Amino acid sequence: MIIVLKPNATPKQIENIKKKLIEHGVSVHLSKGRERTIIGAIGEESVVSELPLAAMPGVEKVMPILKPYKLVSREFRKENTIIKVGREKIGGKKLAVIAGPCAVEGRKKLLTVAEEVKKAGAGFIRGGAFKPRTSPYSFQGLGEEGLKYLAEAREKTGLPVVTELMDPRDTEMVVKYADVIQIGARNMQNFRLLKEVGLTRTPVLLKRGLSATIKEFLMSAEYIMSQGNHQVIFCERGIRTFETYTRNTLDLCAVPILKKESHLPVIVDPSHGVGIREFIPQMAMAAIAAGADGLIIEVHSRPEEALSDGEQSLEPKAFARLMKDIKGIARLMGRSS
Ligand code: PEP
Ligand code: MN
C-alpha cells in the first residue's frame, strides 16, 4: 500500500502513521520526494487494507500497489533515484562509467589500469576479487588480497570501487573495501545473498541473471530493498538465447522498460553482453541511446594475457577512444559523460 501524505504533513503526524503500521506488523519505508512524502506500507494486504489510514491526519490518499514489486516501482517513487558514491553519482545527468579488469590479477597490474581508466574519464574502478568461474580449476580471484589492491587503487586515483560479493559469509569483509557491491548474474536469485546485502547500507549493483525475465530482475531488487537498503542499481548484461555468435544477447529493451517500471538507475554491461571486443563500442553507444544511466566496461592493459574475459576486454587506448566517442550520443540524450 502507498500512503501519500499531504504536502504540509507534520513530522508528528508522520510518526503517528508509522507507529500505527508498525503496531500491526507492517514494515514502513519512507520516500521523501521533491514535492511529496510517500510511505510504502509493506505487509499482508488484508491487514494493511483494514487499517483506517485514509482518515489519519496528514494523509492525502491511500492506494494499493498492484505490481508484485513495491519499493522498486515507480508508484512508490516518481522521481529517479540518484545514488551518491563518494563524489560520483549513479542515476543523475552525468553517465556513470565503471571500468577496469574482469578480475584483480595483481597489485601493479591493477594500479596501472586504474590510472589508465581514470585518465580516460571513468568514474569508478571495477575488478573482481571473488570470481564466479564456470570451472573450479579456473582462476578464482585473489580474495581479500585483491580487495586490498582495489582499496589502494581508490586511494591513488580517487575512483570508488565496484567489486563482486559471491558468498554471504564474506559480506562484512567486502563491505570494508567496496563502495558498490556487485551481485553477479549467477547470483541474481540467491535470495539469502540478496537479503544479506539488503541489510548493509552499501549501494548494490545487481546484474541480470543469465536467463532471468525483467520481472524476476525487478523482484530481486525488491528483495534487497525490502531489507532496508534502497540503493540498488540494475545492470543489464545480456541474457542467454539461441544465438551463439555473441556470448549473450544484450537485451537493450530492458533499459527503457526498467526505467518505466522502476525509479532505480539502470546501467549496461556491453562487455559481458556481447563478449567480443570489436562490438563493444557500438553496443555501449546503443545502451546510452536506449536511456542507460551508465556503463560497466572491462578494460585490461594486456587483454591477451588476462586471466579471465580477455577476449572481451578493451585495451586502455580503445577505452579512451570510446569515452570520447560517447560524448556526442550522451549530449543528444541530455547527458554529460
Ligand atoms: C563480471 O562482471 O566480471 C561478471 C562475472 O559478470 P556477470 O555476473 O554479469 O557474468
Ligand atoms: Mn568478466
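This is a predicted model: local features need pLDDT of at least 70, side-chain atom pairs count only at pLDDT 80 or more; totals for chains, interfaces and linings use all residues.
Local features are described only where pLDDT is at least 70 and side-chain atom pairs only at pLDDT 80 or more, while totals for chains, interfaces and linings use all residues. Residues are numbered from 1 along each chain as its sequence is written, chains are lettered from A and ligands numbered from 1 in the order in which they are written, and side-chain values use heavy atoms, leaving out hydrogens and water.

**View 1. Ligand 1 and its surroundings.** Here 13 residues surround ligand 1, with Arg126, Lys131, Ala185, Arg186 and Arg237 the closest (a residue is near a molecule if one of its heavy atoms lies within 4 Å of it). A backbone N or O atom of Ala185 is 2.7 Å from an oxygen atom of ligand 1. From the side chains, an N or O atom of His272 lies 3.2 Å from an oxygen atom of the ligand, and a polar atom of Glu298 is also 3.2 Å from a ligand oxygen. The protein buries 97% of the 300 Å² that ligand 1 exposes when taken alone (areas by the Shrake-Rupley method with a 1.4 Å probe).

**View 2. Gln182 in strand S10.** Gln182 belongs to strand S10, residues 180-183 (strands are DSSP runs of E, at least two residues, and helices runs of H or I, at least four, numbered from the N terminus). Gln182 has a relative accessible area of 5%, so it counts as buried (under 20%; exposed is over 50%, and partly exposed lies in between, with a 1.4 Å probe and protein chains only). Beyond its neighbours within four places in sequence, Gln182 has contacts (heavy atoms within 4.5 Å) that include Arg126, Val162, Leu205 and Ile296.

View 3. The whole structure has 0 disulfides (pairs of cysteine sulfur atoms within 2.5 Å). For Cys253, the nearest cysteine sulfur is that of Cys235, 16 Å away. Cys253 is exposed because its relative accessible area is 52%, whereas Cys102, at 3%, is buried.

Conventions. A polar contact is a pair of N or O atoms within 3.5 Å; within protein, one must be able to donate a hydrogen and the other to accept it, and residues adjacent in sequence count only if both atoms are side-chain atoms.
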